[in-house]
Amino acid sequence: MVKHVRKIIQAGWGILTNAYVRGFIPGGPMLYQGPLKHFCVPGMNCYSCPGALGACPVGSLQAVLNERHRRFPFYVLGWMIFVGAAVGRFICGWLCLFGLLQELLYKIPVRKVRVADKVDRPLRYLKYIVLAVLVVGLPLLYRTRYGAGDPSFCKYVCPVGTLEGGVPHVLLNGTLRPALGWLFRWKMLLLVLCIAASVVIYRPFCRYICPLGAFYALFQRFSLVRIRVDSDACINCGACHRVCGMQVDPHVMPDSAECIRCGECMKACPVNALSFTAGGKGFCSRSTGSNIGSNTGNKKHLRRLDVFS
Ligand code: SF4
Ligand code: SF4
């Protein structure tokens, strides 16, 4: 049970924030429009999902920047900065339903691909380009002849929106189907590619495309919640690096922009050298349940074992 606590939190949060059951009744009210919809959730969650109780920060940011009379997105940007400064990409690891979906797809037992570093590292920058161009640049600068902007990321790319919004609406509302055109087919293609890639690569959307992950990544080095390495305890075994699906080496770079703070490395560490900290104070680390190395003495002990093995 405890082993699956993160999955339970991810799923529970996804259900809680998409709990407008009436939205899923064919022919019923299509979207929740109550007061909660004025607030952003911290992770990616499509506003147009029939069950969505809150708004997606990425969609909301584009919606404000899109407006005919440009306004500064005080609330949305302030919220995103607050979340990023508090927990960084912890949201990606613990409170993102689309992240959970990718993780479950990755459990399908087929041969996995560990992306070569020389491909992985440059591709990581793609999500910052998506954020700068499709979420901020085009919605802010481009105007159609009617004077409004284009929510470019939501409209042309977002597989979260296609899965949580587009597909359920098409399934629940038969009158929409004849009107589907190239844009829906394009977005379905992107969604299928994303799902297929997730079966062999760990969370490819989060690693290379997600603009919200890119935004929160900017705060990883400064956020309140971070990962700390006890360098006295660490025996440089590399287990944390091997287990990390995001291909981070936390004992070298605990503040990596790629770390989603899932805590899997902490479970793998044989000497309990990794822990979460808030404001510099440790608040969560894996308990080894044995006497094996959580201090310098044990580190020496393990090294001795290593020498004699
Ligand atoms: S470094 Fe650890 S916490 Fe960060 S993504 Fe990798 S396994 Fe998860
Ligand atoms: S798993 Fe623990 S002991 Fe091994 S390298 Fe990582 S932090 Fe150090």
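Residues are numbered from 1 along each chain as its sequence is written, while chains are lettered from A and ligands numbered from 1 in the order in which they are written. Since the model is predicted, local features need pLDDT of at least 70 and side-chain atom pairs count only at pLDDT 80 or more, whereas totals for chains, interfaces and linings use all residues.

Over residues 288-309 pLDDT stays under 50, and the model has 26 contacts beyond four places in sequence for them. Two residues are in contact if their C-beta atoms, placed from the backbone, lie within 7 Å. Where pLDDT is low, the predicted coordinates should not be read in detail.

The secondary structure comprises 15 helices and three strands; these are DSSP runs numbered from the N terminus, with helices (H or I) of at least four residues and strands (E) of at least two. Of the contacts with a separation of 6 or more, 66% are between residues 24 or more positions apart. Of the 309 residues in the chain, 41% are buried. A residue is buried if 20 or more other C-beta atoms lie within 10 Å of its own, exposed if 12 or fewer, and partly exposed in between, with C-beta atoms placed from the backbone.

The largest nonpolar core has 70 residues, and those with the most contacts inside it are Met 44, Cys 56, Ile 91, Cys 96, Val 135 and Tyr 216. Such a core is a set of buried Ala, Val, Leu, Ile, Met, Phe, Trp, Tyr and Cys residues joined through C-beta atoms within 7 Å. Helix H7 (residues 126-141) gives the most to this core, with six residues. The core lies between domain 1 (2-217) and domain 2 (225-308) because both give residues to it; the domain bounds come from an automatic or database domain assignment. Beyond its neighbours within four places in sequence, Cys 56 contacts Cys 40, Val 41, Met 44, Asn 45, Cys 46 and Tyr 47.

Helix H2 (residues 57-66) is mostly covered, with eight of its ten residues buried. Its cover includes helix H3 (74-87), H7, helix H8 (152-156) and helix H12 (211-217). Helix H5 (residues 97-106) is also mostly covered, with seven of its ten residues buried. Among what covers them are helix H1 (5-16), helix H4 (90-94) and helix H9 (159-172).

Around ligand 2 there are 14 residues, the closest being Cys 234, Cys 237, Cys 240, His 251 and Cys 269. A residue is near a molecule if its C-beta atom, placed from the backbone, lies within 6 Å of it. This shell has eleven nonpolar, three polar and no charged residues. Ala, Val, Leu, Ile, Met, Phe, Trp, Tyr, Cys and Pro count as nonpolar, Asp, Glu, Lys and Arg as charged, and the others, Gly among them, as polar. The residues surrounding ligand 1 include Cys 244, Cys 259, Cys 262 and Cys 265, and its shell divides into eight nonpolar, one polar and two charged residues.

Most residues other than glycine have a negative phi. Gln 247 has a positive phi of about 60 degrees and sits in the loop between helix H13 (239-243) and helix H14 (264-268). Gln 247 is partly exposed, because 17 other C-beta atoms lie within 10 Å. Asn 272 also has a positive phi, near 60 degrees, and is in the loop between H14 and strand E2 (274-278). Asn 272 counts as buried because it has 21 C-beta neighbours inside 10 Å.

How values were computed: pLDDT = per-residue confidence, 0-100.
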